[in-house]
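Here is a report on selected local features of one protein chain. Please read it with the sequence and the structure side by side.

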Amino acid sequence: MSAIKYELIKKCKQTGARLGRVHTPHGSFDTPAFMPVGTQATVKGMSPDELKEIEAQIILSNTYHLHMRPGEDIVKEAGGLHSFMNWDRPILTDSGGFQVFSLSDLRDIKEEGVTFKSHIDGSRHFITPEMATRIQNDLGADIIMAFDECIPYPAEYDYAKKSLERTTRWAKRCKETHRNPDTQALFGIVQGGMYKDLREQSAYELLELDFPGYAIGGLSVGEPAEEMYAMLDHTVPLLPEDRPRYLMGVGSPDYLIEGAIRGIDMFDCVLPTRIGRNGTVLTSRGRIIIRDAAYARDYSSLDPECDCYTCRNFSRAYLRHLLKAGEVLGIRLTTWHNLRFLLNLMKNVRQAIMEDRLGDFRNEFFSKFGYK
């Protein structure tokens with residue numbers, strides 16, 4: 001029996017987007033869903049109670065970072081990731097593959113696994129698909145990911161083909177190693193770069209392994225939006241209707257809406273927390289850089305259409321002051337707002353699907369936000 005179950009609730013007559021719910025051992029979450037990223041067992045600047053207040057239903061943590069520090073053995077001794085970070089809702093852990101492969105000149109890829117240098121102290125480490133799976137078993141997340149190679153953009157056809165075939169072999173090794181299938185759902189990851197036939201090959205090979213969910217990796221890595229959408233248009237229909245579909249590393253409002261229209265159920269990205277720390281906020285009228293001098297005497301809220309704690313209580317002028325003064329509260333408040341903005345956006349997307357008007361919602365949102 002699978003650790004999770006996908007429930008299809010409705011399809012939007014206007015776009016074909018799907019409204020659903022994923023049931024896990026630590027509760028259910030509604031889809032399409034944005035998952036805040038808690039890289040090191042914490043969403044930067046946010047407590048678990050604050051995440052619940054902004055209606056986060058599932059969060060993501062990073063296998064590579066937790067393996068490097070504090071170590072999966074410590075997390076396991078603490079009772080698993082849920083207990084360790086005091087989060088009683090669903091958690092997804094990525095495989096660590098993206099972080100390892102992003103080290104570029106600091107790693108060496110072989111069939112058995114990858115040798116890489118730590119970003120912390122430069123020490124050398126070796127990780128295999130089996131190790132990545134065992135680490136995630138010890139961490140105890142509800143959804144875990146197969147170890148894969150995320151190739152750069154652009155990539156030559158031959159390299160992309162060899163890489164996806166190795167990713168398939170690694171996925172099989174992950175499944176053979178996975179020891180908690182009743183409590184942790186292992187997802188396969190479709191690769192293949194920007195080549196439609198390779199995406200087909202990857203999807204078909206992974207479908208034969210019968211994973212309880214499927215992710216699409218290797219997108220939003222520098223390619224034009226049109227190329228990403230073309231790959232989604234081609235790949236999503238290849239995936240099973242009764243399994244969750246996860247587009248990895250995507251979090252800008254336009255990508256979230258366009259991904260949902262194309263049948264994606266799950267998204268994650270560090271974007272809202274990262275830009276928040278740098279003083280950029282998302283509003284219904286587009287992005288603004290709150291550090292700019294133009295906001296020094298702006299006593300209005302960040303976004304009159306937002307109901308978050310930041311927008312209910314503080315002005316743009318105050319937020320600018322906090323950020324310019326280097327106060328931690330400023331970073332917390334911009335992060336709080338950005339996360340709530342994206343979570344509320346997905347809530348509105350789900351409502352639009354229910355009412356068969358996601359296409360209209362997209363057009364209205366894009367017009368106000370400033371997208372073409």
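S220 is partly exposed, with a relative accessible area of 29%. (Buried means under 20% relative accessible area, exposed over 50%, and partly exposed in between, with a 1.4 Å probe and protein chains only.) S220 sits in the loop between β12 (214-216) and α9 (225-235). Its phi is near 55°, a positive value in a residue other than glycine. This is a predicted model, in which local features need pLDDT of at least 70 and side-chain atom pairs count only at pLDDT 80 or more, while totals for chains, interfaces and linings use all residues. Residues are numbered from 1 along each chain as its sequence is written, and side-chain values use heavy atoms, with hydrogens and water left out.

N86 also has a positive phi, about 60°, although it is not a glycine. Its place is the loop between α4 (81-85) and β6 (91-94). N86 is exposed, with a relative accessible area of 59%. Helices (H or I, at least four residues) and strands (E, at least two) are DSSP runs, numbered from the N terminus.

## Cis peptide bonds

Two prolines deserve a look. The peptide bond from T31 to P32 is cis, with omega near 5°. P32 lies in the loop between β3 (27-31) and β4 (33-36).

The bond from Y153 to P154 is cis as well, with omega near -5°. P154 belongs to the loop between β10 (143-145) and α7 (157-177).

## A three-stranded sheet

Which order do the strands of the open sheet take? The order is β7-β8-β9, with antiparallel pairing. β7 (107-109) and β9 (124-127) stand at the edges, each with a single partner strand, so one side of each has no neighbour in the sheet. Neighbouring strands are turned by 15° against each other on average, direction ignored. Two strands pair if DSSP finds at least two bridges between them. Strands of a sheet pair through backbone hydrogen bonds, either parallel or antiparallel.

Strand β8 (residues 114-117) pairs with β9 in the antiparallel sense over four bridges. V114 stands opposite I127 in β9. F116 stands opposite H125 in β9. β8 and β9 form a hairpin with six residues between them. In the turn, G122 has a positive phi of about 80°.

## Helix α13 against α14

The axes of helix α13 (residues 316-324) and helix α14 (residues 328-354) come within 7 Å and cross at roughly 130°. That makes α13 oblique to α14. Axes are lines fitted to C-alpha atoms, for helices over the stretch in contact, and angles run from 0 to 180 degrees between N-to-C directions. Angles under 35 degrees count as roughly parallel, over 145 as roughly antiparallel, 65 to 115 as roughly perpendicular and the rest as oblique. The crossing of α13 and α14 is left-handed. (A crossing is left-handed if the near helix is turned anticlockwise from the far one by less than a right angle, and right-handed if clockwise.)

On the α13 side, the contact uses Y318, L319, L322 and L323. They meet L329, G330, I331, L333 and T334 in α14. Contact means heavy atoms within 4.5 Å. The residues of this contact divide into seven nonpolar, two polar and no charged. (Ala, Val, Leu, Ile, Met, Phe, Trp, Tyr, Cys and Pro count as nonpolar, Asp, Glu, Lys and Arg as charged, and the others, Gly among them, as polar.)

## Helix α10 against α14

How do the axes of helix α10 (residues 253-261) and α14 cross? They come within 11 Å and cross at roughly 25°. The two helices, α10 and α14, are therefore roughly parallel to each other. Their crossing is right-handed.

P253, L256, I257 and A260 of α10 make the contact with F341, L342, L345, M346 and V349 of α14. The residues of the contact of α10 with α14 divide into nine nonpolar, no polar and no charged.

T335 is found in helix α14. T335 is buried, with a relative accessible area of 2%. Not counting residues up to four places away in sequence, T335 touches K44, M46, T273 and R277.

E77 is placed in helix α3 (residues 72-77). E77 is exposed, with a relative accessible area of 68%. E77 and M1 are 76 residues apart in sequence and 26 Å apart in space, C-alpha to C-alpha.
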